[in-house]
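The following questions and answers concern one structure, shown below.

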Amino acid sequence: MGRHNYDDAVSSYKRGLLIDPSNEALISGLADAEAASARSSGSPPVVDSVSQLNLLKINNEDYEEEEEDKSIVVSAHNAPIVSSYNDKIRPLLDTIDRLRHLKVMQEGIQLPTIVVVGDQSSGKSSVLESLAGISLPRGQGVCTRVPLIMRLQNHPNPNPEIFLEFNGKTVPTDEENISDAISLATEEIAGKGKGISNKPLTLVVKKNGVPDLTMVDLPGITRVPVHGQPDDIYEQISKIIMEFITPEESIILNVLSASVDFSTCESIRMSQKVDKTGQRTLAVVTKADKSPEGLLEKVTADDVSIGLGYVCVRNRIGDESYEEARVEEARLFDTHRHLSKINKSIVGIPVLAERLVKIQATIIVKCLPGIVTKINEKLTANVEELNPKGNGLENILEESPSVAGRRHKLKNNIELLRESKDVVANIMDMISDNFDY
């Protein structure tokens with residue numbers, strides 16, 4: 001059999017596995033076809049099976065002192081934040097965003113997500129502002145009162161496109177008014193005052209030079225209610241955070257201030273509850289310029305088990321532009337007598353952006369086969385309930401309003417799940433045809 005015939009066989013097996021990912025015959029056939037294709041071309045197979053797809057491998061070698069790969073170790077003052085992988089990662093993010101719009105999470109299907117957590121005043125907002133290049137609401141107490149889904153998209157147009165999505169509507173805004181727009185939308189969702197809500201608000205930022213990332217920013221953790229906050233504010237915030245960070249599909253971005261003992265942080269305590277080994281937790285250490293002494297030792301010792309490592313950053317100060325802040329950040333880590341000793345592969349906002357983009361891509365690809373399986377299971381269950389062997393809700397001629405409502409809901413679920421299945425199948429086909437990411 002010729003090389004192209006082997007490749008056709010590989011593609012056929014992969015399409016079959018999209019429908020039935022656990023089919024042992026298909027998995028075995030795929031392995032044999034890939035091996036045969038590799039022998040005919042003189043090169044090893046790219047992957048062993050669909051379940052082992054890995055778009056961008058991340059390992060500790062990328063971040064060791066000896067590493068010379070300039071795509072990883074970037075200088076904060078001469079490299080754009082936008083990742084070189086953006087063109088490849090955008091389709092992955094679009095797929096997850098589309099599935100979120102199709103409400104598959106309401107069917108109990110978890111989606112890979114970067115969840116941003118941190119104690120109050122940890123510098124969480126500053127980190128997100130630096131990544132997005134926009135201003136977020138500031139003030140005393142809890143500033144983020146609802147889960148804020150931030151969808152950042154690198155956009156070639158010099159004029160940014162920014163809008164909010166909430167309560168079934170889209171509200172355009174701009175860089176000058178974004179903070180006020182978020183505050184107004186938050187009031188509509190969570191009410192005026194200082195209460196919180198678990199109903200999300202989506203912020204879309206299409207801007208030249210930003211990294212392609214989707215993150216969920218959660219309320220900062222506070223133990224003591226301030227004036228106007230409910231007495232159980234800590235319990236409410238904890239409940240929302242645990243809801244988002246518990247799923248295995250979530251990557252936890254834990255924002256820590258350099259000025260505190262990491263082991264005392266509430267955000268660390270919460271993340272350790274659901275990620276004891278830290279294998280899905282990345283820490284970003286803010287305010288490095290405020291507490292430089294001992295920072296190297298703290299991130300090297302890793303007393304709190306951060307499996308995905310640390311990135312140390314400097315917060316933007318006062319009226320600095322984002323470009324000026326990056327120049328100052330680079331100068332700080334290049335010249336400060338303590339901070340200059342920290343490996344350049346773990347300092348700076350551009351490095352943080354690069355790490356997040358890679359981690360995000362890896363977790364999405366890792367989760368796709370499982371998402372396919374769960375969509376198929378939910379689709380089968382809905383179809384069977386609607387029409388199990390001819391005796392389902394679809395065949396009831398005289399039905400009560402509750403039965404009619406349930407039948408309508410099942411039909412709508414089936415339509416959305418079928419569309420979701422097509423969305424995932426399309427991205428899986430793209431991945432299988434482009435393993436040279």
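**Pocket and helix packing**

Q: Which element gives the largest share of the lining of the largest pocket?
A: The largest share, three residues, comes from H3, a helix being a DSSP run of H or I with at least four residues, numbered from the N terminus. This is a predicted model, in which local features need pLDDT of at least 70, side-chain atom pairs count only at pLDDT 80 or more, and totals for chains, interfaces and linings use all residues. Residues are numbered from 1 along each chain as its sequence is written, and side-chain values use heavy atoms, with hydrogens and water left out.

Q: What makes up the lining of the largest pocket by class?
A: The lining has 10 nonpolar, nine polar and eight charged residues. Ala, Val, Leu, Ile, Met, Phe, Trp, Tyr, Cys and Pro count as nonpolar, Asp, Glu, Lys and Arg as charged, and the others, Gly among them, as polar.

Q: Why are H6 and H7 called oblique to each other?
A: H6 and helix H7 (residues 266-274) pack at an angle of about 40°, with their axes 10 Å apart. Angles under 35 degrees count as roughly parallel, over 145 as roughly antiparallel, 65 to 115 as roughly perpendicular and the rest as oblique; H6 and H7 are therefore oblique.

Q: Which residues of H6 and H7 meet?
A: With contact meaning heavy atoms within 4.5 Å, Tyr234, Ser238, Ile241, Met242 and Ile245 in H6 meet Glu266, Arg269, Met270, Ser271, Lys273 and Val274 in H7. These residues divide into six nonpolar, two polar and three charged.

Key. Helix = DSSP H or I, 4+ residues; strand = E, 2+ residues; numbered from the N terminus. Axes fitted to C-alpha atoms, helices over the stretch in contact; angles between N-to-C directions.
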